Amino acid sequence: MLTMKDIIREGHPTLRLKAKEVKIPLNKEDKNTLKLMMEFIENSIDPVISEEYELRAGVGIAAPQIDVSKQMIAVKTMDELNETEHTYLMVNPKIIGHSIKQTYIDTGEGCLSVDRDVEGIVPRHQKVTVRSYFYDKDTEELTKGVIKLKGYVGVVVQHEIDHINGILFVDKLVDDLPEATPVKFADLTFEETEL
Ligand code: K2U
Ligand code: NI
């Protein structure tokens, strides 16, 4: 399993490379890398495993972050309404279209490869159209397709595709985005109930 020691940090040259396209269908090694990436995300949000192995929570990870300069990303996140789960293993993903309108996460973004706290928000496309190869969780089934994403999962996928292009969120920080509408997260506080 991957742990934080496998994740390279800001300053490591691999994070600044444009990752190479991956030969399709994936060979055993690349399939195993994808599985390890998805397993890391699932472990990172598991209260027991993440505590035991001191994993930082993640909703996505890109192969360059484990020093594999290949165009592979894994994403597993709820949407901003906490209603729909999005799970993707993407290979050679490309943004082929996007809205003019922008969005951002009003608390800013983080990154498993950036240990420092930074101020600012990150401009993202409000909607993106992504062409990619997709694998199922067991990396048995390969499909090629185009998906349209918006909201929080759209931001996460843009963050990960930036990684395979050698871009970090700290490259894009701005203080304000007056024209943009921030991602609106569901209010997850639970009603106090009379016991
Ligand atoms: O690529 C990474 O470093 C994983 C990031 C992805 C991310 C996407 C969008 C906005 C912020 C970060 C990690 O998931 S950062 C930690 C995190 C965990 C849960 C929710 C938000 C951020
Ligand atoms: Ni990141």
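Which residue forms a salt bridge with E10? The partner is R116, and the closest N and O atoms of the two are 2.6 Å apart. R116 sits in the loop between β4 (102-103) and β5 (124-125), while E10 sits in the segment before α1 (28-44), so this pair ties together parts that are 106 residues apart in sequence. Keep in mind as you look around that this is a predicted model.

**The overall picture**

Let's zoom out for a moment. The chain has three helices and seven strands. Of the 195 residues, 47% are buried.

**Salt bridges**

Back to the charged pairs. A search of the whole structure turns up 11 salt bridges. Here are three of them, including the one we began with:

| Pair | Closest N and O atoms |
|---|---|
| R116 and E10 | 2.6 Å |
| R16 and D171 | 2.6 Å |
| D162 and R124 | 2.7 Å |

Take R16 and D171, a salt-bridged pair. R16 belongs to the segment before α1 and D171 to the segment after α3 (151-164), so their bridge ties together parts that are 155 residues apart in sequence. R16 is partly exposed, with a relative accessible area of 41%, and D171 is also partly exposed at 41%.

R116 is partly exposed, at 44% relative accessible area. E10 counts as partly exposed too, at 30%.

As for where the pair sits, D162 forms a salt bridge with R124. D162 lies in helix α3 and R124 in strand β5, so the bridge ties together parts that are 38 residues apart in sequence.

**A patch of positive charge**

On the surface, K101, K127, K148 and K150 gather in a patch of positive charge. One of them, K148, is in strand β7 (residues 142-150). K148 is exposed, with a relative accessible area of 71%.

Most residues other than glycine have a negative phi, and most peptide bonds are trans. A few places in this chain do something else.

The peptide bond from I24 to P25 is cis, with omega near -5 degrees. You'll find P25 in the segment before α1.

Next up is N82, which isn't a glycine but has a positive phi, near 60 degrees. N82 is in the loop between β2 (72-78) and β3 (85-98), and it is partly exposed, with a relative accessible area of 40%.

What is the phi of T139? It is positive, about 50 degrees, although T139 is not a glycine. T139 is in the loop between β6 (127-135) and β7. While N82 is partly exposed, T139 counts as buried, at 0% relative accessibility.

Conventions: Residues numbered from 1 in each chain as written. Chains lettered and ligands numbered in written order. Predicted model: local features only at pLDDT ≥ 70, side-chain atom pairs only at ≥ 80, totals over all residues. Heavy atoms only, no water. Patch = residues over 30% accessible without salt bridge, like charges linked within 9 Å, V, L, I, M, F, W, Y side chains within 5 Å. Areas by Shrake-Rupley, 256 points an atom, 1.4 Å probe, with all protein chains shown as cover. Salt bridge = Lys/Arg side-chain N within 4 Å of Asp/Glu carboxyl O. Lys, Arg positive; Asp, Glu negative; His and termini not counted. Charge placed at Lys NZ, Arg CZ, Asp CG, Glu CD. Helix = DSSP H or I, 4+ residues; strand = E, 2+ residues; numbered from the N terminus. Buried < 20%, exposed > 50% of the residue type's maximum accessible area, 1.4 Å probe, protein only.
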